[in-house]
Amino acid sequence: MKNMFIRLWAYRYFILSSIKTEFTARFIRSKLGGLWIIIHPLAQVLVYALILSQIMTAKLPGVDSTYSYPIYILSGIIGWTLFSEIVNKSLNVFIVNGNLLKKMSFPKLALPLIVMGGAFLNFILFFIIMFIVFGFLGHLPYHALHWLPLLVLLTVSLAMGLGLFLGTLNVFIRDIGQMMEVVLNFWFWLTPIVYMPNILPENYQELLMLNPLTGIVMGYQNVLLYDKAPDFNLLMYPTIIALISLSLAIIIFYKAREEMTDVL
Amino acid sequence: MNKVLEVKNVSKSFKEYASEWARIFSWFGFNFNPKEEHHILKNINFSINSGEAIGIVGQNGAGKSTLLKIITGTLKASEGTIQVNGRISAILELGMGFNPDLTGRQNSYHSMGMMGYTIEQIDAVINDLEAFAEIDEYFDQPVRTYSSGMQLRVAFGVVTAYRPEILIVDEALSVGDAYFQHKSLNRVREFQKQGTTLLLVSHDRGAIQAICDRAILLEKGAVIKDGNPEEVMDFYNALIAEKENSTVKQVVKEDGDIQTISGTGEVQIEDIGLFSEKGKKVDYISVGESIQLKVKIKVNQDIEQMVLGYVIKDRLGQDIFGTNTHHYNKILENLKKDDTFEFIFSFCMNLGIGSYSIAVAVHANDTHLSGNYEWRDKALIFNVINTSKEAFVGSSWIEQKVEVIHV
């Protein structure tokens with residue numbers, strides 16, 4: 001297993017350049033080119049910020065801004081998007097690149113890492129644009145921003161663990177990919193992104209905490225909306241789940257990696 | 001000479017399980033018997049020294065691609081070991097992994113990155129690569145605007161930017177134009193001199209015999225022949241022509257040369273010889289001499305139709321000239337058992353100096369691939385010597401008139 005990681009390290013340049021080329025290749029044939037890089041996340045942010053602020057004007061407790069609800073949603077969405085993009089793409093990354101894996105010899109683990117890098121790049125863009133929009137809305141949360149990298153690390157670990165684990169199994173049992181698309185739909189609504197947890201009956205609130213993303217998303221909301229540090233008690237459980245899923249993912253990938261090309 | 005590749009007892013089977021969960025549990029030591037096991041390769045053994053050029057031949061489905069994938073490491077052998085000393089580069093598919101929207105240059109970086117080179121290593125050779133590909137300003141154009149030949153140029157440049165210990169070329173080379181084929185072949189030969197081993201997979205007899213000094217024939221997942229390319233290719237051709245109840249045998253002649261005879265045996269070649277104008281059997285023939293090739297055959301069984309063909313080959317086994325009675329409307333019909341015929345081909349021996357062989361085949365139609373009654377490689381060996389013409393080089397004699405005019 002050590003060799004697997006040594007070989008991966010030798011491919012660091014390839015991973016970085018692939019993230020870059022995949023990113024640029026997305027826009028290379030469009031007239032507006034790089035502008036699309038900004039337009040996509042901007043549109044997403046504006047939808048939540050402008051439209052929802054008109055429809056849902058109710059103030060959230062403890063926040064002054066009239067835009068508190070859209071900011072609440074955006075804070076959650078940014079974490080969720082990072083998570084779901086990695087899981088979704090990792091699920092199919094080996095299948096999509098099946099032909100390549102059969103013809104070229106390179107560390108397979110590079111593929112989910114390229115997915116991760118791409119999702120991270122999108123996250124950063126989304127974040128910058130979101131922050132600019134926040135500025136226009138008169139909301140500048142900078143007191144707890146230094147906690148954001150920790151939240152990102154947790155989100156990425158959990159997503160990579162789950163994505164790699166299921167992505168590996170999906171090569172052999174293709175129903176897993178289909179099933180996960182459905183599951184992710186439910187998962188979104190089982191995470192307090194659009195609603196606040198306290199609107200639920202108390203016993204359901206506890207159930208909500210079984211979702212490892214709940215604590216993480218609430219962390220994003222703390223940092224980006226309430227301008228305060230995340231609640232570390234809520235992060236313990238997601239950390240443990242992330243570590244377990246990452247370990248399981250690496251074990252199952254390690255066992256499966258040689259038989260993968262047989263069935264691709 | 002040191003071994004660069006050693007393939008030991010390699011077998012490959014693809015397993016099918018009743019449920020994929022059984023496969024997954026089997027990784028963790030649970031024993032599930034696969035529902036079905038397809039054996040693609042069976043107990044393959046060979047080793048290759050540095051600087052050798054090996055041709056791998058076999059019919060479709062013989063296991064060539066699987067073997068190459070195991071050697072390059074994209075597939076894992078079910079049993080046995082592969083030991084590789086050094087870097088392997090492979091052109092398994094033209095422009096594999098090229099992104100059509102990126103330029104040749106960007107794709108070169110990307111592909112070489114995928115081969116494990118660092119950016120510094122790629123920077124060091126990118127200019128040479130561009131010069132080698134010779135596609136000028138196209139190098140900075142998206143690959144989707146390339147012709148397949150141009151893609152091959154870049155792909156070949158990428159794979160050979162650094163000299164690998166083992167270079168695998170799978171058919172792809174035949175796509176390029178003649179100029180680039182020569183250019184790439186030169187590079188391959190240069191690498192070979194420096195110790196690169198070449199593995200060439202091809203159905204092209206000419207390419208295998210021109211480049212390789214050894215050939216390996218795969219059939220139904222097993223190595224059935226490993227040796228001199230000419231001998232292996234003869235056997236392979238016989239194998240292709242082989243139909244039900246046909247036989248292939250190779251006879252070692254007194255001089256150590258190997259003759260391959262195959263066919264279903266309805267017709268039998270009794271005698272073959274080259275005769276001079278005076279009717280004398282000869283095996284040394286002067287350039288330009290008029291000559292007769294006589295072939296006697298005997299019919300062993302009633303057949304509807306029969307064509308006889310022959311081909312003259314040079315000492316490398318490359319075809320020099322060949323024809324058959326179909327093209328001269330001399331097809332024999334309704335042959336009866338025990339009929340005998342003599343075929344006489346008259347021509348001038350306008351060939352260059354050297355040793356040649358003649359292969360003869362009797363078959364039902366205009367190619368030896370269907371209804372092959374008997375096919376005899378190296379049925380006859382003869383030499384061409386120059387006794388009457390001016391000195392010349394090359395494989396054929398072209399009558400000359402030379403004039404020099406002082407202007």
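The lining of the second largest pocket comprises 15 nonpolar, nine polar and four charged residues (nonpolar: Ala, Val, Leu, Ile, Met, Phe, Trp, Tyr, Cys and Pro; charged: Asp, Glu, Lys and Arg; polar: the others, Gly among them). The model is predicted, with pLDDT of at least 70 needed for local features and 80 or more for side-chain atom pairs, while totals for chains, interfaces and linings use all residues. Residues are numbered from 1 along each chain, chains are lettered from A and ligands numbered from 1 as written, and side-chain values use heavy atoms, without hydrogens and water.

| Largest | about 1400 Å³ | 48 residues |

A pocket is an open set of 1 Å grid points where a 1.4 Å probe fits, with protein on both sides within 12 Å along at least five of seven lines, and lining residues have an atom within 4 Å of a point.

Closest to the centre of the largest pocket are A:Arg7, A:Ser105, B:Thr72, B:Gly73 and B:Thr74. H11(A) supplies the largest share of this lining, five residues. Elements of chain B that each supply at least two residues include helix H2 (64-72) and strand E4 (79-84). By type, the lining holds 27 nonpolar, 13 polar and eight charged residues.

H2(A) gives the most to its lining, seven residues.

Elsewhere in chain A, A:Leu162, A:Leu166, A:Leu169 and A:Asn170 of H7(A) meet residues of H8(A), among them A:Met180 and A:Trp187 (heavy atoms within 4.5 Å). Six nonpolar, two polar and one charged residue make up this contact of H7(A) with H8(A).

Methods
Helix = DSSP H or I, 4+ residues; strand = E, 2+ residues; numbered from the N terminus. Points joined across faces, edges and corners; volume = space filled by probe spheres on them.
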